[in-house]
Structures are given as structure tokens and as C-alpha cells.
Amino acid sequence: MGIYSTIVRPLAFCLEAEQAHHLAIKLGANMAWGAGALHPWLAVSEPRLATTVAGIRFPHPIGLAAGYDKSALSVEALAALGFGSVEIGSITIDASDGNPKPRLWRLPLDRAVVVHYGMPNDGAAAVRDRIAHLHLPVPLGVNIAVTNRGIGAPPLTADQIVEEYAASARMLSPHADYLMLNMSCPNTEDGRDFFAERAHIEACLAALGQIGLKIPVFMKVSPLGGVEAVERVLAAAEGHSIVSGFMFNLSPHKPPGLRTPDAVVRTMPGAISGPAACSRLTDECIAECYRRMDRQRFVLVGAGGVFTAEDAYAKIRKGASLVQLLTAMVYEGPLLARRIARGLAQLLERDGVKNVADAVGVDVR
Ligand SMILES: Cc1cc2nc3c(=O)[nH]c(=O)nc-3n(C[C@H](O)[C@H](O)[C@H](O)COP(=O)(O)O)c2cc1C
């Protein structure tokens with residue numbers, strides 16, 4: 001048992017989930033000055049894990065998912081902790097308070113989190129000013145979405161939604177290694193349903209195509225709708241050369257079979273993360289997408305309930321070139337990505353795999 005599980009986690013879990021989240025971000029922000037010195041100690045440097053995905057060199061494939069550092073307040077510390085990449089956001093063109101509180105809960109029985117944040121963030125201009133001067137030791141992903149202006153705000157037109165993505169991309173892409181388009185926020189209406197229509201996806205990609213982006217773009221899409229939805233996304237991306245790959249988001253629905261009593265879960269609006277809630281669905285999406293996509297053109301980023309090296313390896317074997325986590329860090333601490341990466345290197349060695357890229361999709365026929 002480490003210090004995190006014996007001391008830090010019990011203390012953090014005495015606080016409300018959102019309060020603990022803000023405190024962790026604040027601690028990270030205060031660590032920025034020492035991050036450069038910390039990184040060489042915590043970095044994972046295993047030739048077997050180093051991988052180039054969409055033209056970007058990653059020291060290893062285990063990254064931090066969007067939603068932890070929404071406004072880029074503690075990026076330097078996070079980049080020093082042994083992640084192979086850090087994705088910030090979701091960031092929107094205008095600052096947003098997100099959904100009303102309470103909007104974040106832990107479900108310890110399921111090692112899960114219920115999230116109904118609704119993408120609170122400081123807005124693209126403030127985030128640009130924070131990241132513009134950074135020199136990080138790992139790739140930085142910037143996740144963008146449409147502004148959540150709250151219940152009762154007049155709905156945006158399709159053109160306005162598309163223009164919000166384009167404006168954020170213009171502002172933030174010069175300071176990022178890749179862009180992740182959040183086209184599936186489970187907690188906002190504009191974010192959830194708009195991109196169920198192929199024409200809307202295409203309009204957004206066409207607008208981004210005109211910006212002259214110099215970095216790869218990934219689409220974070222809904223895990224719902226089965227093979228038909230996967231095929232719709234692939235067809236929409238087909239004619240847009242800016243797209244390098246895909247990722248599957250959380251489902252807005254409550255999954256069956258949780259250990260937490262239904263009566264408790266029903267009081268919490270939002271999407272549920274963690275292994276019991278979302279690994280199976282995202283794994284199915286990864287495999288189905290990998291089976292169908294043009295592998296010369298596209299790659300997959302896998303997330304959803306990754307707690308161990310075995311979990312990460314399973315996603316890679318199903319077709320993910322990169323893996324991200326968030327919830328496991330809440331339960332297992334900030335050095336987990338480092339432990340998972342080292343465990344992954346051992347699994348690859350055990351199986352005689354020379355480089356992680358050679359394991360991508362081996363379980364998919
Ligand atoms: C607290 C929390 C906030 C999140 N916020 C965002 C977000 O703003 N944008 C986004 O694209 N995904 C967001 N996600 C989804 C994660 O990026 C990730 O896809 C998902 O949680 C599955 O990974 P996990 O089981 O390791 O947490 C959030 C997840 C959590 C738990």
C-alpha cells in the first residue's frame with residue numbers, strides 16, 4: 001500500500017469530489033516551478049514503448065484524458081508526472097461556468113466517477129495565454145468543444161456551432177501538438193446530439209479544413225449507436241484529410257450492473273466513468289472501428305476504465321494506438337500512468353513484442 005492509498009486518498013475522499021479536484025489542480029499549479037527538475041526522475045523511457053502516432057513522437061502511449069485539467073492550470077506538473085501525453089480541455093471559445101453544482105460524485109464501490117460538469121473552463125483566449133509559452137517534455141493535446149451557456153440560453157445555429165470550433169482551433173492549435181474535437185459531450189445538449197448528423201460532422205471538418213491547421217485532428221465521438229454509428233463517423237471523416245483518428249467518449253446513459261445501489265446512482269445526473277461503467281462499451285467501439293477504418297490513414301485513442309497495464313494492453317490489442325486515463329488517477333494517484341507504462345513494457349517483453357506499435361489491433365480479426 002503506497003502513500004496515496006493510505007494517506008492522500010482517504011483525506012481527499014473526505015472532501016466533496018469537485019472540491020478535491022480543484023485542490024489537486026491548485027497543488028499541480030504550485031508545483032510548476034519544480035516540474036522541470038521532477039520530470040527526469042519520473043519520465044518513463046522504454047524504447048519498447050516509444051511510438052509515433054499521427055506524426056507525433058510519444059515517449060509512451062499512456063496519456064492523461066481531457067477533463068482533468070480543463071483550463072490548463074497545472075499542465076507542467078502533469079507533464080512531469082510520467083504521462084506520455086497530456087490532453088487539456090474541453091476548452092470552448094467563451095468561458096463557461098458549466099452545469100450547476102453538485103456535478104461530480106465518486107462511486108467507490110465501482111471505482112467510478114459520475115460527471116455532470118458540462119465543460120466549465122476559462123475560455124480559449126485565457127488557455128492560449130497559459131499554454132503559449134510552455135515547453136513540455138511530452139505532447140500536448142487540446143480538446144475543444146462548443147460553449148455551454150447554460151439552461152435557458154438560446155440554442156445556437158449549426159453555423160454558429162461550427163464557427164465556435166473553428167475559432168477555438170485557430171486560437172489554440174498553434175500551441176498544441178494535436179487537436180481533439182469533443183463532438184459528444186454527454187452532459188450538454190448542443191454537445192450531445194448535434195454531431196449525430198453526418199452533415200454536421202462534415203460541416204465542422206470542412207470549416208476546420210479551411211484554417212490550414214498544421215497539427216493532426218482527432219474526433220471524440222459518442223460510443224452509442226453500434227456499428228452503424230461507427231460507420232457514419234468513418235464515412236463523414238473520409239473526405240477530410242485533416243482527420244487523423246478517433247476516440248470514444250463516455251455514454252450519457254447509466255449502465256446496468258453497477259455495485260452502487262440504483263437508488264443512489266439515480267440521484268446523480270451525468271455520465272459514469274470507470275471500469276464497470278464504460279470499459280466494455282468503449283472496447284467494443286474500438287474493435288469495431290479498427291476493423292472498419294482505413295488503417296493507413298486513421299488511428300484510435302482508447303480510454304474508459306483503464307486502471308492497470310493489462311487494461312491498457314487490452315485496448316491496444318483491440319486497435320488503440322494511444323491510451324488515456326482519468327478516473328484511475330482519482331483512485332490510484334498521480335503516478336499511476338508511470339506504473340502502467342512500466343507494466344505495459346513488461347507485458348510486451350513477456351509476449352516478445354519489440355515495439356508497442358506492433359501490438360495494435362492484434363486481437364481484431
Ligand atoms: C471528471 C471528468 C471530466 C471529464 N471531462 C471531459 C471533458 O471536458 N471533455 C472530454 O472530452 N472528456 C471528458 N471526460 C471524459 C474523459 O476524457 C474520458 O474519455 C473518460 O473519463 C473515460 O476514461 P476513464 O474511465 O479513464 O476516466 C471527463 C471525464 C471525467 C471523469
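How accessible is arginine 170, in relative terms? Arginine 170 is partly exposed, at 44% relative accessibility (buried means under 20% relative accessible area, exposed over 50%, partly exposed in between, with a 1.4 Å probe and protein chains only). This is a predicted model, where local features need pLDDT of at least 70 and side-chain atom pairs count only at pLDDT 80 or more, while totals for chains, interfaces and linings use all residues. Residues are numbered from 1 along each chain as its sequence is written, and side-chain values use heavy atoms, leaving out hydrogens and water.

**Salt bridges**

- The count is 18 salt bridges (a side-chain nitrogen of Lys or Arg within 4 Å of a carboxyl oxygen of Asp or Glu).
- Arginine 170 pairs with glutamate 163, with the closest N and O atoms 3.4 Å apart. Glutamate 163 is partly exposed too, at 38%.
- Arginine 103 and glutamate 18 form a salt bridge at 2.8 Å, N to O. Both residues are buried.
- Aspartate 94 bridges to arginine 149, with the closest N and O atoms 2.7 Å apart. Aspartate 94 is partly exposed at 36% relative accessibility, and arginine 149 at 38%.
- A network of salt bridges links Glu231, Glu288, Arg291 and Arg292.

**Ligand contacts**

- Threonine 327 has a side-chain N or O atom 2.5 Å from a ligand oxygen.
- Glycine 305 places a polar backbone atom 2.7 Å from an oxygen of the ligand.
- Leucine 326 has a backbone N or O atom 3.0 Å from a ligand oxygen.

Methods. Polar contact = N/O pair within 3.5 Å; in protein donor to acceptor, adjacent residues only side chain to side chain.
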